[in-house]
Amino acid sequence: MKKILVPIKMVLDANMRPRVKADGTGIDLSGMKLSINPFCEIAVEEAVRLKEKGLAEQVVAISIGPAKAQDSLRQALAMGADSARLIETDGPIEPLAVAKLIRMVVDEEKPELVILGKQAVDDDCNQTGQMLAALLDWPQATFASALRVEGTVVHVTREVDGGHQTLSLPLPAVVTTDLRLNEPRHCSLPNIMKARKKALDVTPVAACGVDTVPRLKVLGVKPPEPRKAGRRVADVSELVGDLRAAGAI
Amino acid sequence: MPHYKAPVEDMMFLLRDVFRVQDIFAELPEQKENDLEIISSILEEAGKFCSEILYPLNAAGDIEGCRLENGIVRTPKGFAEAWKAFSEAGWGGLSAPTEYGGQNLPRTVQILVDEMLSGSNLSFGLFPGLTRGACEAIEAHASQALKDTYLPNMVSGVWTGAMALTEGNAGSDLGLLKATATPRADGSWTVTGSKIFISSGDHDMAENVIHLVLARIPDAPAGTKGISLFLCPKILVNADGTLGARNAISVGALEHKMGIHAQPTCVMNYDGCQGWMVGEPNRGLAAMFTMMNAERLFVGVQGLGVADASCQTALAYARERMQGRSPDRAGTVPIIAHADVRRTLLSMQSFIEAARAMVVYTALEMDREKFHPDATIRQRAGENVALLTPVIKAALTDFGFEAAVAGQQVLGGHGYIREWGQEQYVRDARIAMIYEGTNGIQAQDLVIRKLTLAEGLPVRSYFAQIRQTLAVAAAHSNAAPLAEPLGAALDLLEGVTTRLISGDLAGPDDRNAAAVDYLRLFALVSFGWMWVRMVLACAPGQPLPDALVQHKRAAATFFMQRVLPQATALSQQISAGAGSIMALPDELF
Ligand SMILES: Cc1cc2nc3c(=O)[nH]c(=O)nc-3n(C[C@H](O)[C@H](O)[C@H](O)COP(=O)(O)OP(=O)(O)OC[C@H]3O[C@@H](n4cnc5c(N)ncnc54)[C@H](O)[C@@H]3O)c2cc1C
Ligand SMILES: Cc1cc2nc3c(=O)[nH]c(=O)nc-3n(C[C@H](O)[C@H](O)[C@H](O)COP(=O)(O)OP(=O)(O)OC[C@H]3O[C@@H](n4cnc5c(N)ncnc54)[C@H](O)[C@@H]3O)c2cc1C
């Protein structure tokens, strides 16, 4: 395989407590720690491992997002990606638009395999990979927990409700990663230093000729209601009665 | 359960918002490419390494300890693998010169990584710390041949370093040391003597240990002016760089000690071993002291790192431990609701965050001293570092130990029990007050040597910098209330400084007696200065998380109201002079 494309997203770090903006239009990211989405990090790791095994020649990381997303791309480069591309946009961007932009990059870069995270931990959409496969008309295997490349076929073990399912896809193909696929590496210091010398190409979204107008309208963003205090019940029948009254059973 | 998370967010706040390192590094030709992005990725990745690989070995290493088996030191399970991973990831070469395989990154980044090493696993952190110290001494003073033979393998972690100064009769006063060296025909030396307390003196984690040994050559003058420095490898290195025969170096015993159990503290015997002189004859102590500032900054940061680790556990515990009632909350409350527990936590945090700021401030001065193109700026920065080094070393380890005890107290009985790790922090933190020059000796150094350094210019300029901040703060609504008490404490500090330099307290006993209190006063004012600077950096309109801004303002206020008042007492203690101390004859103590 000549090339693997890994789209990655920068998200609010999973250890940070999200705060809703005062005007209720979204999550306040100013000054907050942003990191590479954990599923995307797994995707980078998998691509780099394939390269290290000699099964791929080149790994290209791409992100669609604000200028700051270059930090996440640099991390992908430090992990072992060869080059990176940022399609820069500050506005809200939905999975369909992201998928279209990735398709554009696929047309230019001509990878045989695209590995994405199954979802991003910020809005949990879980759509981009599937939409991309449809737009490209490529086979797809989502929720990968194991991946093996054999000639021009990729065998993907998927985590499904009933257990595991293994699919064999002819390349080119789209794969999205689950948590158990691998454990991302620690980057070495020399690789962090080298990463900043690797090519990172920035294209403004406007130059892509892709319609990125949001199709959804956000009516409001609210933090979840704080949990109400519990109440001690005398016995099981009171519990069952209360649950009935609350419409829970 | 206890955990350790590297405080990268706070570090980046200091670098980006308080000290604006991007502007400072822009003036240093060798460092100008190191922008905030790269520094943040380095700190993130180092933090991951420390919390995921080194921290899990910390408690187990303490319990297992090191063992001496047939003359060979065995480190605890997992240490050798961790050392290999650490070295392969290149962390040992962070600030080392590129020509020997390092990355030549600034001291400022190095010292922040050192904090993480100390917080996650102090015993482990000493291995790279001592290796780096040895590399710096070799790089500054050794011949090109020695550098080429030893530095690449030490920078890459294939070999480690040890520093052998102390002997049974020569600790604080190294002028008394007795180890000897006699010349050999080939230009090398035969080194003979016994050293005690040698950290990382031997172990099973790397192929070779390179000892830097202080010894006397024939006809050397007595005292500190007759000491030379020798490089003595545990295993001799052949001309082609491969390892040859064992050198006559052996471990006499491992010390049984209070803490840092996973760190082998060795009695070392140099039984006519072969060594090579580093630097000039009889100038060994001076050679060793060139990297002393860096080493002492490193030891200071050990106190800070362990204090932060203890604080992290204490804070997590205080949020969850339900005990007692509080006036404005219903039912049993988490202990973080109690004023006294909050006071304890804030006393820790108000020290830790100010100390970290002091460390960054000092390390930036070291970077200027090393990398600035302007010789005058290099000189001034170097003097400032010399002034602050004893303060950082002693204050951060004294307050760091106190903070570790406070963090233990928050856990009540569980703080005393092994399981939670708090008692280990107390034991581990204790050593940093003693080695690398006791804190008492640091205080002597500050009062006797550093106040009068360069005719007192460094200390005057330091105070002037604080005054400058106070002037800025006066016009700033959040900082002005902090500037007022700090100004008063600075007045007290300046008052006793003048008296110690040339006034009524300038006699030898008065100075010796005042030193420890004076250093503490100096440190409190310095921490206060850092708090004002941090609050100034939180000016409205900065894109900082609200939680961080609120936290900094509250901790700063706490520090000014509930810690800084100690300045008054300290200044009174100093003013009392040595009378009550010296009056009593030795035998009546
Ligand atoms: C775990 C551990 C690791 C160590 N690692 C190393 C190492 O790697 N290499 C190495 O060479 N050494 C090492 N040391 C030795 C350490 O640096 C010394 O213990 C330290 O310098 C103090 O020397 P000393 O123990 O002889 O105490 P002493 O010098 O006997 O001091 C005893 C007390 O007297 C005070 N005192 C002494 N002189 C004065 C004075 N003039 N004015 C006021 N007070 C004074 C001191 O402050 C101290 O409180 C280590 C020690 C330990 C415990
Ligand atoms: C070695 C050892 C021996 C012991 N021996 C005995 C024994 O023989 N018999 C026995 O019965 N017990 C014994 N104990 C238990 C000991 O008395 C308790 O550990 C101690 O009373 C503290 O209780 P705790 O550990 O639950 O801490 P906690 O009560 O959880 O306290 C945690 C922290 O919160 C603070 N705190 C709690 N409530 C308040 C409040 N209202 N206001 C302000 N601060 C508050 C505490 O000061 C402490 O710093 C022993 C403990 C140890 C470690």
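Predicted model: local features only at pLDDT ≥ 70, side-chain atom pairs only at ≥ 80, totals over all residues.

**Entry 1: the chain contact**

I started with a salt bridge, and found the side chains of A:Lys197 and B:Glu33 paired at 4.0 Å, N to O. The rule I used wants a side-chain nitrogen of Lys or Arg within 4 Å of a carboxyl oxygen of Asp or Glu. Across the interface of chain B and chain A that rule finds three salt bridges.

Residues are numbered from 1 along each chain as its sequence is written, chains are lettered from A and ligands numbered from 1 in the order in which they are written, and side-chain values use heavy atoms, with hydrogens and water left out.

Next I looked up polar contacts across the interface of chain B and chain A, and the rule gives six residue pairs, both partners at pLDDT 80 or more. A polar contact is a pair of N or O atoms within 3.5 Å; within protein, one must be able to donate a hydrogen and the other to accept it, and residues adjacent in sequence count only if both atoms are side-chain atoms.

For the classes, Ala, Val, Leu, Ile, Met, Phe, Trp, Tyr, Cys and Pro are nonpolar, Asp, Glu, Lys and Arg are charged, and the others, Gly among them, are polar.

Chains B and A bury about 1700 Å² between them, 60% of it on carbon and sulfur atoms. B:Ile38, B:Glu45 and B:Gln103 supply 27% of the area that chain B buries against chain A, more than any other three residues. Buried area is the accessible area (1.4 Å probe) that two parts lose on being put together, summed over both.

**Entry 2: ligand 1**

I counted 18 residues around ligand 1, and the closest are B:Met163, B:Thr166, B:Ser172, B:Phe197 and B:Thr438. The cut-off for being near is a heavy atom within 4 Å. B:Thr438 has a polar side-chain atom 2.6 Å from an oxygen atom of ligand 1, and B:Ser199 has one 2.7 Å from a nitrogen atom of that ligand. From B:Leu165, a backbone N or O atom sits 2.8 Å from an oxygen atom of ligand 1. Ligand 1 exposes 980 Å² when taken alone, and the protein buries 63% of that, by the Shrake-Rupley method with a 1.4 Å probe; for residues, only the protein chains shown count as cover.

Which strand gives the largest share of the shell around ligand 1? I found S5(B) at the top, with three residues. By class, that shell has nine nonpolar, seven polar and two charged residues.

**Entry 3: ligand 2**

I then checked ligand 2, whose surroundings include B:Arg321, B:Gln409, B:Gly413 and B:Tyr416. The side chain of B:Arg321 puts an N or O atom 2.6 Å from an oxygen atom of ligand 2. B:Gln409 comes in with a backbone N or O atom, 2.7 Å from a ligand 2 oxygen, and B:Gly413 has a backbone N or O atom 2.7 Å from an oxygen of ligand 2. The protein covers 43% of the 970 Å² of accessible area that ligand 2 has on its own.

**Entry 4: backbone spots in chain A**

I noted a cis peptide bond between A:Leu171 and A:Pro172, with omega about 0 degrees. A:Pro172 is in the loop between strand S9 (163–170) and strand S10 (173–177) of chain A. A:Lys110 has a positive phi, near 50 degrees, and is not glycine. Both went into the notebook because most residues other than glycine have a negative phi, and most peptide bonds are trans.

Technical notes
Helix = DSSP H or I, 4+ residues; strand = E, 2+ residues; numbered from the N terminus.
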